[in-house]
Amino acid sequence: MSEENLLKLVSAISEIKKFTIQFPNSKFYIGKTDNMQRREQEHLLEGYNNIIPIAETSSIDDLNELEKTLIKLSRVFYEENLENDRNGGGGKITDSPIYYIYLASK
């Protein structure tokens with residue numbers, strides 16, 4: 001993992017920790033997107049009420065690496081709260097100048 005990605009990872013972990021301290025009983029999902037507005041609308045229809053970006057990158061490879069690592073770490077520390085069924089890497093991502101990792105919560 002590059003130093004830049006490591007810094008993004010630490011920052012995203014901090015955001016997840018802040019969320020779980022503030023809302024200890026809330027369920028959350030970690031995902032990735034090339035369009036935050038569209039993805040937020042989709043999650044709102046699925047019953048999520050808060051979607052926040054926790055990392056961004058311009059590389060699809062970095063995006064996938066960050067998502068997978070954040071899900072794995074969340075399984076270790078926040079297993080009861082995490083709603084991801086898979087370990088990341090799925091979903092359709094189109095070419096975009098910027099990609100986001102986000103936390104969606106219930």
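Predicted model: local features only at pLDDT ≥ 70, side-chain atom pairs only at ≥ 80, totals over all residues.
Colleague: Which pattern does the protein follow along the sequence?

Modeller: The secondary structure comes to three helices and three strands. Read along the sequence, the pattern is α-β-α-β-α-β.

Colleague: What radius of gyration does the protein have?

Modeller: The C-alpha atoms fill a box of roughly 35 × 30 × 20 Å along the principal axes. For 106 residues, a compact globule would have a radius of gyration near 13 Å, which agrees with the protein's value of 13 Å.

Colleague: Among contacts between residues at least 6 apart in sequence, what percentage join residues at least 24 apart?

Modeller: Buried residues make up 38% of the 106 residues. Of the contacts you ask about, the share joining residues at least 24 apart is 78%.

Colleague: Why do the buried residues of helix 3 line one face of the helix?

Modeller: Helix 3 covers residues 60-77 and reaches 26 Å from its first C-alpha to its last, close to the 26 Å expected. Its buried residues are Leu63, Leu66, Glu67, Leu70, Ile71 and Ser74. An α-helix has 3.6 residues a turn, so residues three or four places apart point the same way. Seen down the axis of helix 3, the buried residues line one face because they fall within an arc of 125 degrees.

Colleague: What covers the buried residues of helix 3?

Modeller: The face turned away from the buried side carries the exposed residues Asp61, Lys72 and Val76. The cover of the buried residues includes helix 1 (3-22), strand 1 (28-33), strand 2 (50-57) and strand 3 (99-105).

Colleague: Is Leu66 buried or exposed?

Modeller: Leu66 is found in helix 3 and touches Asn5, Lys8, Leu9 and Ile101, not counting residues up to four places away in sequence. The cut-off for a buried residue is under 20% relative accessible area. Leu66 has 0% relative accessibility, so it counts as buried.

Colleague: Which side-chain oxygen reaches the backbone nitrogen of Asp61, at the start of helix 3?

Modeller: The distance is within 3.3 Å. The oxygen belongs to the side chain of Ser59.

Colleague: What arc do the buried residues of helix 2 cover around the axis?

Modeller: In helix 2 (residues 36-45), the buried residues are Met36, Arg39 and His43. They are on the same side of helix 2 because the arc they cover is only 65 degrees.

Colleague: Which residues are exposed on the other side of helix 2?

Modeller: The buried residues of helix 2 have a cover that includes strand 1, strand 2 and strand 3. On the other side, the exposed residues are Gln37 and Leu45.

Colleague: Which residue takes a positive phi just after helix 2?

Modeller: At the start of helix 2, a side-chain oxygen of Asn35 comes within 3.2 Å of the backbone nitrogen of Gln37. Just after helix 2, the residue with a positive phi, of about 100 degrees, is Gly47.

How values were computed: Residues numbered from 1 in each chain as written. Heavy atoms only, no water. Helix = DSSP H or I, 4+ residues; strand = E, 2+ residues; numbered from the N terminus. Expected span 1.5 Å × (residues − 1). Buried < 20%, exposed > 50% of the residue type's maximum accessible area, 1.4 Å probe, protein only. Arc of directions from axis to C-beta. Contact = heavy atoms within 4.5 Å. Polar contact = N/O pair within 3.5 Å; in protein donor to acceptor, adjacent residues only side chain to side chain. Rg over C-alpha atoms; globule rule 2.2 N^0.38 Å.
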